[in-house]
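My entries below follow the order in which I looked things up.

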Amino acid sequence: MASSVGRLKKDVLRAYRQIFAVARSWEASEPDQTRDERKYIREEARRLFRMNKDLMDEDVIRVCLNEAQSRIELAVHYRNPYPRAINFPPNYVFQSKGRKIQAQRMEQSKPVYIHSQKT
């Protein structure tokens, strides 16, 4: 048990360092946006790591690490540091259904790798 906690701690620190390395070397597709995108990467990482600093459940920590890794890989691949927008099916109309169904559809349309974003 203690060894897996130690391993998770190393993995969390490795992910944090990796995110900041990406931020330092980040070049936006539009050069005038580089500074803003670097700042977003750093601030988003700080916000999420601080939000999750008190997590103790190993499974939840692993989910967060998987999200971090997914977001890093997608950002580098697509040259876009922002999480992808929530997409709705064609002919989706908000006003036609009740709030509960709308919330359900919002949750279903959220990317599967994103757990830190509220819908």
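This is a predicted model: local features need pLDDT of at least 70, side-chain atom pairs count only at pLDDT 80 or more; totals for chains, interfaces and linings use all residues.

Entry 1, alanine 45. I began with the contacts of alanine 45, which touches Tyr16, Ile19 and Phe20, not counting residues up to four places away in sequence. A contact here means heavy atoms within 4.5 Å. I found alanine 45 in helix H2. Helices (H or I, at least four residues) and strands (E, at least two) are DSSP runs, numbered from the N terminus. Alanine 45 counts as buried because its relative accessibility is 5%. The cut-offs I used are under 20% relative accessible area for buried, over 50% for exposed, and partly exposed in between (1.4 Å probe, protein chains only). I also looked up the spacing of alanine 45 and alanine 68: they are 23 residues apart along the chain, and their C-alpha atoms are separated by 8.7 Å.

Residues are numbered from 1 along each chain as its sequence is written, and side-chain values use heavy atoms, with hydrogens and water left out.

I listed four helices and zero strands. Read from the N terminus on, the elements run α-α-α-α. The protein has 119 residues, and 26% of them count as buried. Of the contacts with a separation of 6 or more, 62% are between residues 24 or more positions apart. The accessible surface comes to about 9,000 Å², and carbon and sulfur atoms hold 54% of that. Accessible areas come from the Shrake-Rupley method with a 1.4 Å probe; for residues, only the protein chains shown count as cover.

Which residues make up the largest nonpolar core? I wrote down 11 residues: Ile19, Phe20, Val22, Ala23, Trp26, Ala28, Ile41, Ala45, Ala68, Ile72 and Ala75. Helix H1 (2-25), helix H2 (34-51) and helix H3 (58-78) each supply at least two residues of this core. The largest share, four residues, comes from H1. A nonpolar core is a set of buried Ala, Val, Leu, Ile, Met, Phe, Trp, Tyr and Cys residues joined through side-chain atoms within 4.5 Å. As a general note, nonpolar side chains in soluble globular proteins tend to be buried together. I then checked isoleucine 41, which touches Ile19, Ala23, Trp26 and Pro81, leaving out residues up to four places away in sequence.

Is tryptophan 26 buried or exposed? It is buried, because its relative accessible area is 1%. Tryptophan 26 sits in the loop between H1 and H2. Beyond four places in sequence, I counted among its contacts Thr34, Glu37, Arg38, Ala75 and Arg79. Tryptophan 26 and arginine 79 are 53 residues apart in sequence and 8.6 Å apart in space, C-alpha to C-alpha.

I placed arginine 79 in the loop between H3 and helix H4 (99-109). Arginine 79 is partly exposed because its relative accessible area is 33%. Its phi is near 55°, a positive value in a residue other than glycine. For background, most residues other than glycine have a negative phi. Serine 29 lies in the loop between H1 and H2. The C-alpha atoms of serine 29 and arginine 79 are separated by 6.7 Å, and the two are 50 residues apart along the chain. Serine 29 is exposed, because its relative accessible area is 61%.

How many residues line the largest pocket? There are 31, and the closest to its centre are Val12, Leu48, Phe49, Asn52 and Leu65. I noted a volume of about 840 Å³ for this pocket. The lining divides into 22 nonpolar, two polar and seven charged residues. H1, H2 and H3 each supply at least two residues of the lining. A pocket is an open set of points on a 1 Å grid over the protein atoms alone, where a 1.4 Å probe fits, with protein on both sides within 12 Å along at least five of seven lines; lining residues have an atom within 4 Å of a point. Grid points are joined across faces, edges and corners, and a volume is the space filled by probe spheres set on the points. Ala, Val, Leu, Ile, Met, Phe, Trp, Tyr, Cys and Pro count as nonpolar, Asp, Glu, Lys and Arg as charged, and the others, Gly among them, as polar.
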